[in-house]
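Hi,

Here is the structure I promised to pass on. Have a look at it first, and then read on for what turned up.

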Amino acid sequence: MPLAVFDIDGVVADVRHRLHHIEGRHRDWEEFFEAADTDPLLPEWAKLVADLAATHDIVWLTGRPEWLRSVTTTWLDLHGLPIIELHLRPPGDYRPAPRYKLDVLRRLAPRRVAAFIDDDDLVVQTAVDAGFPAVLADWVPRGSTLRRAQDADGRT
């Protein structure tokens with residue numbers, strides 16, 4: 001089956017409750033990520049995942065660090081989201097989100113990426129420019145804190 005590739009944070013997981021950990025000068029990345037297990041589900045968009053799972057293999061592509069694999073799979077399972085394949089940021093990889101995610105999309109391309117959904121407009125534009133069918137998930141307001149974390153710090 002073709003692939004439907006989804007980001008997690010800001011797409012199916014609402015991260016707004018933990019952004020305070022990375023606001024300002026003294027960003028506490030460990031606390032930010034450790035609170036990921038308490039993210040509320042964005043149910044309308046989880047339904048989109050379920051709908052696409054009928055005709056696509058679901059692949060998760062997140063900027064979360066690899067050490068969050070267990071937390072992330074538990075969270076996905078708790079919310080009934082399929083866990084066929086999960087790509088997390090390798091240790092020490094702090095590339096901006098557009099570069100990191102495009103690299104993974106290119107590795108997935110031979111398996112036919114039919115859809116890519118992400119909340120970062122720079123990631124989406126980079127994917128579109130590279131020829132991938134990408135859609136911006138704009139249902140959760142994305143402020144400067146999350147933009148900096150994804151595009152400058154290379155952390156999520």
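Tryptophan 29 and phenylalanine 33 both belong to helix H1 (residues 29-34), where they are four residues apart, about one turn of the helix. Please keep in mind that this is a predicted model.

Both residues are out of the solvent: tryptophan 29 is buried, and phenylalanine 33 is buried too. For phenylalanine 33 the relative accessible area is 3%, and since buried means under 20%, phenylalanine 33 falls in that class.

A search of the whole structure gives five aromatic pairs. One of them joins tryptophan 29 to phenylalanine 33, and this pair is stacked, at 6.0 Å centre to centre with 25° between the planes. Phenylalanine 33 also pairs with tryptophan 67: their ring centres are 6.1 Å apart and the planes stand at 85°, so this pair is edge-to-face. Phenylalanine 33 sits in helix H1, while tryptophan 67 is in the loop between strand E2 (57-65) and helix H3 (69-78), so the pair ties together parts that are 34 residues apart in sequence. Together, Trp29, Phe32, Phe33 and Trp67 make up one aromatic cluster.

Two arginines are worth a look alongside these rings. Arginine 18 lies over the face of phenylalanine 32, at 4.4 Å from the ring centre, and phenylalanine 32 is a member of the cluster. Elsewhere, arginine 89 has its charged end over the ring of tyrosine 100, 4.6 Å from the centre.

Now for helix H5 (residues 121-129). Its buried residues are Val123, Val124 and Ala127. They span an arc of only 100° around the axis, which places them on the same side of H5. The cover over these buried residues includes H4, E4 and strand E5 (134-136). Just after H5 comes glycine 131, with a positive phi of about 95°.

One more backbone detail to check: most residues other than glycine have a negative phi. Arginine 112, however, has a phi near 70°, a positive value in a residue other than glycine. You will find arginine 112 in the loop between helix H4 (97-108) and strand E4 (113-118). With a relative accessibility of 53%, arginine 112 counts as exposed, because the cut-off for exposed is over 50%.

Notes: Residues are numbered from 1 along each chain as its sequence is written. This is a predicted model: local features need pLDDT of at least 70, side-chain atom pairs count only at pLDDT 80 or more; totals for chains, interfaces and linings use all residues. Side-chain values use heavy atoms; hydrogens and water are left out. Rings of Phe, Tyr and Trp (its six-membered ring) pair if their centres lie within 6.5 Å; planes under 30 degrees apart count as stacked, over 60 as edge-to-face and the rest as tilted. Helices (H or I, at least four residues) and strands (E, at least two) are DSSP runs, numbered from the N terminus. Buried means under 20% relative accessible area, exposed over 50%, partly exposed in between (1.4 Å probe, protein chains only). A charge sits over a ring if NZ of Lys or CZ of Arg is within 6 Å of the ring centre and within 35 degrees of the ring normal. The arc is that of the directions from the helix axis to the C-beta atoms. Contact means heavy atoms within 4.5 Å.
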